[in-house]
Amino acid sequence: MAYSGGPMTEAMYYVLLALMRPNHGYQLMHSITEVSNGRLNMGPGTLYGVLSRMQKDGLISLVENDGRRKTYEITLAGKQALQVEYDRLKALIQDSWILEEDARNE
């Protein structure tokens with residue numbers, strides 16, 4: 001089943017962010033930790049499951065396979081999906097203005 005939009009998992013979001021620059025698996029795990037400011041440490045099992053699914057969905061593509069490591073990059077569809085998710089997350093924050101208002105009134 002192809003990716004049909006809607007909310008992404010945190011793992012999907014950070015994999016796409018990290019793949020704004022092509023990466024291979026081991027390097028990608030470190031990039032995800034970096035782009036998440038250390039909040040997310042993804043293990044190989046989770047990473048390769050997400051990569052497999054995202055490749056099938058056309059969000060990423062395999063650009064090199066030297067037999068030892070596979071290098072992936074984000075596709076145009078992946079960039080578009082990432083932008084849609086980013087906009088959705090920004091809207092969630094903007095819609096939460098009431099929390100800040102409530103905190104000011106305490």
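Reply: Gladly! Helices are DSSP runs of H or I with at least four residues, strands are E runs of at least two, and numbering starts at the N terminus. Helix α5 (residues 97–104) is where Trp 97 is found. The model is predicted: local features need pLDDT of at least 70 and side-chain atom pairs 80 or more, while totals for chains, interfaces and linings use all residues. Residues are numbered from 1 along each chain as its sequence is written, and side-chain values use heavy atoms, leaving out hydrogens and water.

Me: What pattern does the protein follow along the sequence?
Reply: The order is α-β-α-α-β-β-α-α, with 5 helices and 3 strands.

Me: Why is α2 called roughly perpendicular to α3?
Reply: Helix α2 (residues 25–35) and helix α3 (residues 44–56) pack at about 100°, their axes 11 Å apart. Axes are lines fitted to C-alpha atoms, for helices over the stretch in contact, with angles from 0 to 180 degrees between N-to-C directions. Angles under 35 degrees count as roughly parallel, over 145 as roughly antiparallel, 65 to 115 as roughly perpendicular and the rest as oblique, so α2 is roughly perpendicular to α3.

Me: Which residues make that contact between α2 and α3?
Reply: With contact meaning heavy atoms within 4.5 Å, α2 brings Gly 25, Tyr 26, Leu 28, Met 29 and Ile 32, and α3 brings Pro 44, Leu 47, Tyr 48 and Leu 51.

Me: What makes α1 and α3 roughly perpendicular?
Reply: Helix α1 (residues 10–18) packs on α3 at about 75°, with axes 10 Å apart. The pair is therefore roughly perpendicular as well. Ala 11, Met 12, Val 15 and Leu 16 in α1 meet Leu 47, Val 50, Leu 51 and Met 54 in α3.

Me: How do you know that Glu 10 and Arg 39 meet in a salt bridge?
Reply: A salt bridge needs a side-chain nitrogen of Lys or Arg within 4 Å of a carboxyl oxygen of Asp or Glu. Here the N to O distance is 3.3 Å, so the pair qualifies. Glu 10 lies in helix α1 and Arg 39 in the loop between α2 and α3, 29 residues apart. The whole structure has 3 salt bridges.
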